[in-house]
Number of protein chains: 2
Amino acid sequence: MPELRKDPIIGRWIIVASDRAQRPDDFKMPPVIATKRENCPFCEGKENQTPPEIMALRKPDSNPNSPGWQIRVVPNKFPALSVGGNLDKKGMGIYDRMNGIGAHEVIIESPEHLLSMAPLAEEQIRNLLLVYRERLNDLKNNPYLIYGLIFKNVGETAGASLEHTHSQLIATPIVPIRINQEITGCKNFFDYRGRCIFCDIIAQELEDKERLVLDDENFIALNPFASRFPFETWILPKQHLTHFENIPQSLIPPLARILKDIFIRLEKALNYPPYNMLIHTTPFNMFEAEYYHWHIEIIPRITRMAGFEWGTGFYINPVPPENATNYLREII
Amino acid sequence: MPELRKDPIIGRWIIVASDRAQRPDDFKMPPVIATKRENCPFCEGKENQTPPEIMALRKPDSNPNSPGWQIRVVPNKFPALSVGGNLDKKGMGIYDRMNGIGAHEVIIESPEHLLSMAPLAEEQIRNLLLVYRERLNDLKNNPYLIYGLIFKNVGETAGASLEHTHSQLIATPIVPIRINQEITGCKNFFDYRGRCIFCDIIAQELEDKERLVLDDENFIALNPFASRFPFETWILPKQHLTHFENIPQSLIPPLARILKDIFIRLEKALNYPPYNMLIHTTPFNMFEAEYYHWHIEIIPRITRMAGFEWGTGFYINPVPPENATNYLREII
């Protein structure tokens, strides 16, 4: 019997097809492999093929936009939003519009032509997290921008247009609707029960254990109860933290460790799948609310999304999250 | 300058990349073509390869599950939901679940191996709409089921697992989240302004005309102001109608006509694109509210959805809907 499960945060029901549950090898998605190493504009030595860098971690004696860097942040060459100008908010009858002001940056995660976050050294991931933090804090100074979205696409199927491992940051003058819905759901729960729903989820998952992939003193990695996608994995700080850009220094090493661990497990279980990673955090202009909790969502893209799924928000997941947890736990 | 636009119904902001607007030929999606005509289980003569039919429009002297039909409805061979049993609703700590009770039917739209709705004769589309109506009314009798979702996937990219033109019907004991969000948005608008927001949209689009593809006495086809996808097209009845399953007989011929017209235009403009079609309608258990209005959404799948789009509900549309309207209008 398939099961209907409700996401406790935004109230979305999904179908878990527990009858004909699929195993990792049932997904015949071709693995993400390097095919465009030549002429990659993100490799060391090709610095002149990107717009000039916004910041970089580089050797003290090296020059901007030249070799010698570890991580490089550049404007997106084809930005979705435009940096200059004003918002010019306007109603047009029933409709509302504003200028597409915002930032669209690319964070090149390695000078080498790697394809994913998994092969990065832990130290490199720590630096990457520090770069995320720094870029968010910088963009937060722009009074027009109220949200900073960090995401990562790996593999063409997941929307990556360049295979060299990179993250993106889009900062916007609006809050994306899904984040708004999560905040509303969290607020409703808080008004009713006086607690952060993510903190409650963490507590229950630590007790239930059946969807718990990993945990340590500071972080938990789990497959959510109402996973939309096979092997969907979330990483959350155990402590109630609202704004990713305020992550304490002490949490950087354990977050780098658990991220690397999870990516290695996912790549082994699913044979180098395309995937997306997103950081969900509190809007810049919201105070440190008791009810919203930043977290990282990782979604392997091993199933094709049919029309009704994004057209209705109603997903069919062929792998119960408890099965995904079992597979991921067994990997050493 | 790109533009941020707000969907007036659910409040989703999207980016319209009006600077580097793309033309239809910029999308190099391979056209949907027939490659699996042999051994197609939906072709006339292969009736034994599907589960026994639920209903069919067929010649009076023909037998069920044999040739002689025009439209055939069969249970999905791999149903997402299960017909028998009870809901067994249960809380598990913070979580909610129920049994996956529901119907999952396939509506084979033609005995011939066609790939889309466009080549069907208008009369065939009329019959198809009558079949939709009949199946919804039948499933409505099941007290467990409160929503009936009709959708159609064309092309592998759009999630179709068989290429022979068919629709699907999933009836569920829950309301899909996107529909809930639309209903909430409509209710808020109604509470504030006392009118149906879809009726207001229709009025404004008829006046503005720049997103109006077609209209006649009964229906309007438009590219919505905050289109998430290039060439996203909606068809709405001009009259305020809430439940698709109550569509009056007199509206069947004009709806068939405008559907065929729109599909032909989309296929000519975009060279036989993969697409999805969805009918958004009021839940079975809701009365004829003044605020929700059924409509059909058609989404060509010519761009790849990146991670942040479904992870945040924040879409980037490289074709302003006004440009899409121009292209679609020019096609004869």
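Guide: In helix H6 (residues 321-330) of chain B, the buried residues are B:Pro321, B:Asn323, B:Ala324, B:Thr325, B:Tyr327 and B:Leu328. Buried means that 20 or more other C-beta atoms, placed from the backbone, lie within 10 Å of the residue's own. Helices (H or I, at least four residues) and strands (E, at least two) are DSSP runs, numbered from the N terminus. This is a predicted model: local features need pLDDT of at least 70, side-chain atom pairs count only at pLDDT 80 or more, and totals for chains, interfaces and linings use all residues. Residues are numbered from 1 along each chain as its sequence is written, while chains are lettered from A and ligands numbered from 1 in the order in which they are written.

The cover over the buried residues of H6(B) includes strand S10 (212-215) and helix H4 (252-270) of chain B.

Now the sheet. It is open, with mixed pairing, and its five strands follow the order S15(A)-S2(A)-S1(A)-S6(B)-S5(B). Strands pair if DSSP finds at least two bridges between them. Strand S15 (316-317) of chain A and strand S5 (90-92) of chain B are the edge strands, each pairing on one side only. S15(A) pairs in the parallel sense, over two bridges, with strand S2 (residues 13-16) of chain A; there A:Ile15 has A:Ile316 as its bridge partner.

Between the chains, strand S6 (residues 95-99) of chain A runs antiparallel to strand S1 (residues 3-6) of chain B, joined by four bridges. One bridge partner pair is A:Asn99 and B:Glu3.

Conventions:
Buried ≥ 20, exposed ≤ 12 C-beta atoms within 10 Å, placed from the backbone. Contact = placed C-beta atoms within 7 Å.
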